Amino acid sequence: MVLATKQVLKEMQDVLCQDRSPLGNTRAQPILEPSIQRCLTHFSMITHGFGTPALSASFATLQNCLTEMLKYMEKAYPSIISPHGGGKLDSNSNKSNGDKGDDRVKDV
């Protein structure tokens with residue numbers, strides 16, 4: 001669950017990094033789809049240009065917290081660490097033996 005949260009958060013950070021909302025007199029060439037860029041530009045105008053940097057900083061802080069949480073979980077619960085997952089938590093460890101699908105989220 002923590003790995004999935006990190007992945008979703010990373011994807012949101014990637015979208016925010018591609019935001020080309022106009023700031024001041026600068027107008028960068030848009031990278032994102034117009035419908036997405038329009039919403040991000042509107043958000044930027046509402047927050048006077050401070051919204052995207054604030055969210056980026058918040059997401060970075062949350063990523064650091066999740067990373068530390070994973071480190072703690074690996075130390076505190078070594079019995080659920082996957083032997084083949086490179087030291088990452090195994091999301092299949094709490095499933096029954098008949099339900100061993102490979103639905104693990106790759107490391108960020």
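What share of the 108 residues in the protein chain is buried? Buried residues come to 22%. Keep in mind that this is a predicted model. The chain has 3 helices and 0 strands, and its elements run α-α-α from the N terminus on.

**Overall contacts**
- Looking at contacts between residues at least 6 apart in sequence, 42% of them join residues at least 24 apart.

**How α1 and α3 pack**
- Helix α1 covers residues 2-17 and helix α3 covers residues 51-76; they pack at an angle of about 160°, and their axes are 10 Å apart.
- An angle over 145 degrees counts as roughly antiparallel, so that is the label for α1 and α3.
- The α1 and α3 crossing is left-handed.
- On the α1 side, the contact is made by Val2, Leu3, Thr5, Lys6, Leu9, Lys10, Met12, Gln13 and Leu16.
- On the α3 side, you'll find Thr52, Leu55, Ser56, Phe59, Ala60, Leu62, Gln63, Leu66, Thr67, Met69, Leu70 and Met73.
- Sorted by type, the residues of this α1 and α3 contact come out as 13 nonpolar, 6 polar and 2 charged.

**A look at Ser21**
- Ser21 sits in the loop between α1 and α2, with α2 spanning 34-46.
- Why does Ser21 count as buried? Its relative accessibility is 12%, and buried means under 20%.
- The Ser21 side chain makes a polar contact with the side chain of Asp19, at 2.7 Å.
- Leaving aside residues up to four places away in sequence, Ser21 touches Gln37, Leu40, Thr41 and Ser44.

Terms used: Residues numbered from 1 in each chain as written. Predicted model: local features only at pLDDT ≥ 70, side-chain atom pairs only at ≥ 80, totals over all residues. Heavy atoms only, no water. Axes fitted to C-alpha atoms, helices over the stretch in contact; angles between N-to-C directions. Helix = DSSP H or I, 4+ residues; strand = E, 2+ residues; numbered from the N terminus. Parallel < 35°, antiparallel > 145°, perpendicular 65-115°, else oblique. Left-handed = near helix turned anticlockwise from the far one by under 90°. Contact = heavy atoms within 4.5 Å. Nonpolar A, V, L, I, M, F, W, Y, C, P; charged D, E, K, R; others polar. Buried < 20%, exposed > 50% of the residue type's maximum accessible area, 1.4 Å probe, protein only. Polar contact = N/O pair within 3.5 Å; in protein donor to acceptor, adjacent residues only side chain to side chain.
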